[in-house]
Amino acid sequence: MKLIKIAALAATALSILSTTVSAQEKLTMWARNTSEAFMPTVIKAFNDSHKTHIELQIVPSAEMVQKYATAAAGGSAPDFVSLDLVYSPSFAKAGVLEDLTDLAKSLPYFDQLSKAHVGAGTYEGKIYALPMSADASLLLWNKKLFKQAGLNPEKGPSNWAEIEDAAGKVNALGGDIHGFYFAGACGGCNAFTFMPLIWASGGDILVDDGKKATLDSRQMHDAINFYRDMVSKGYVPESAKTDSGKNFFGGFATDNIGISPIGAFAIGNLVKNYPSVDFGVTFIPGKTGGKASFAGGDNFVVTAGRDHLAAAKEFLEFVYSVEGQTLLAKGGSLPTRADVATEAVKSLDERYQVATEAMKIGRTPSSPVYNDIINSNTGPWKQMLNEAFFGPDANAPIAKAQENMQSILDSSN
């Protein structure tokens with residue numbers, strides 16, 4: 001009897017030990033190097049206050065998609081990934097991601113989470129990804145150059161005519177100064193900053209749950225002609241034509257650009273690294289007004305087949321807490337939970353308040369073939385814009401892109 005009792009006690013002790021080890025087991029997570037300013041801080045704060053621990057690995061952004069796809073196929077993928085939200089549908093379609101629908105809907109503030117992120121993370125009615133970090137596209141103007149050009153330095157443009165008028169007056173200052181800047185050879189950059197012009201004017205890029213392309217629209221023609229006009233008048237430096245994104249932020253940071261559509265990430269960067277640049281922040285407007293924003297950033301996903309939903313929920317509840325959202329904001333990410341966004345950025349530069357409002361109206365096109373139609377250097381979106389902005393004619397590139405994009409979408413269904 002004593003031996004039986006000892007064995008029973010040993011089994012109980014072993015069970016308790018096993019449970020404790022399990023509770024403290026380190027889970028693995030990958031995040032893009034674009035989040036290196038805040039993800040290590042968030043993970044450390046979570047690990048310091050929870051039994052569940054996460055081991056973070058930073059992966060170069062350009063390598064993340066291929067690296068995760070390869071690891072998932074080979075069974076060596078991490079438990080969690082902070083993934084560019086535009087790639088959520090493709091991984092969901094491939095069966096790589098765990099279904100988070102029940103987890104998502106169990107969160108009492110689910111309806112306050114970034115709708116763009118949740119939308120991109122939803123595939124065939126199920127939620128496979130939830131917001132991790134965020135950025136929103138905005139319009140920045142240089143107050144010093146506005147003042148020198150005789151413009152009101154405290155008032156940003158609210159429609160296309162005001163943008164072009166202000167760009168022209170700033171451009172007239174001469175020298176190395178130009179009125180407007182955008183990275184003309186960067187498909188992703190122009191998805192982020194050019195699509196809002198279409199949305200704010202009542203148009204769209206994809207409809208019917210991402211199955212139909214709507215590039216050849218009045219709004220697209222108007223927006224492209226708006227850019228073409230500024231290019232032809234010399235308001236945009238020639239270097240924009242070949243800028244693949246390397247100077248996406250740097251153009252405005254030179255203090256020689258009057259207006260540039262860019263992201264909220266620029267606010268902290270300018271304040272910290274370019275304090276001499278006096279700038280204002282406003283929304284990207286439509287042709288006659290209105291406002292829109294592209295919601296960028298990352299989604300949180302769980303690799304399929306991993307029994308870690310409880311740990312995932314524990315981590316997400318921390319991320320979505322005021323503490324977690326504040327840590328994200330201080331590190332350069334916009335809050336992803338709307339009802340605590342104001343609280344999360346209250347200690348930051350006041351221009352972040354505009355960014356949080358832009359985030360609330362942010363949109364993200366959702367498609368399993370997003371890379372093929374938008375980001376790819378040989379894809380229809382990038383080809384169309386570069387040819388239409390800088391070429392002899394806009395109509396042919398738009399028509400060609402409409403046909404090619406629809407063909408890619410049809411073949412993916």
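This is a predicted model: local features need pLDDT of at least 70, side-chain atom pairs count only at pLDDT 80 or more; totals for chains, interfaces and linings use all residues.

User: Why is helix 18 called roughly antiparallel to helix 19?

Analyst: Helix 18 (residues 380–390) and helix 19 (residues 395–412) pack at an angle of about 180°, and their axes are 9 Å apart. Angles over 145 degrees count as roughly antiparallel, so helix 18 is roughly antiparallel to helix 19. On the side of helix 18 the contact is made by Pro380, Trp381, Met384, Glu387 and Ala388, while helix 19 brings Pro397, Ile398, Ala401, Asn404, Met405 and Ile408.

User: How do the residues of that contact divide into nonpolar, polar and charged?

Analyst: The contact of helix 18 with helix 19 has nine nonpolar residues, one polar and one charged. Glu counts as charged, and Glu387 is among the residues that helix 18 gives to the contact.

User: What makes threonine 336 count as buried?

Analyst: Its relative accessibility is 1%, and buried means under 20%, so threonine 336 counts as buried. Threonine 336 is found in the loop between helix 14 (322–331) and helix 15 (341–344). Leaving aside residues up to four places away in sequence, threonine 336 touches Gln112, Leu113, Ser114, Pro131, Met132, Ser133, Ala134, Tyr320 and Gln325.

User: What lines the largest cavity?

Analyst: The structure holds one cavity of 30 Å³ or more, and about 40 Å³ of space lies in the largest cavity. Its lining includes Leu139, Phe180, Thr193 and Ile284, and the lining residues divide into eight nonpolar, one polar and no charged. Helix 9 (187–199) and helix 10 (218–232) are the elements that give two or more residues to this lining.

Methods:
Residues are numbered from 1 along each chain as its sequence is written. Side-chain values use heavy atoms; hydrogens and water are left out. Axes are lines fitted to C-alpha atoms, for helices over the stretch in contact, and angles run from 0 to 180 degrees between N-to-C directions. Helices (H or I, at least four residues) and strands (E, at least two) are DSSP runs, numbered from the N terminus. Angles under 35 degrees count as roughly parallel, over 145 as roughly antiparallel, 65 to 115 as roughly perpendicular and the rest as oblique. Contact means heavy atoms within 4.5 Å. On a 1 Å grid over the protein atoms alone, a cavity is a set of points where a 1.4 Å probe fits but cannot get out, and a pocket is an open set with protein on both sides within 12 Å along at least five of seven lines; lining residues have an atom within 4 Å of a point. Grid points are joined across faces, edges and corners, and a volume is the space filled by probe spheres set on the points. Buried means under 20% relative accessible area, exposed over 50%, partly exposed in between (1.4 Å probe, protein chains only).
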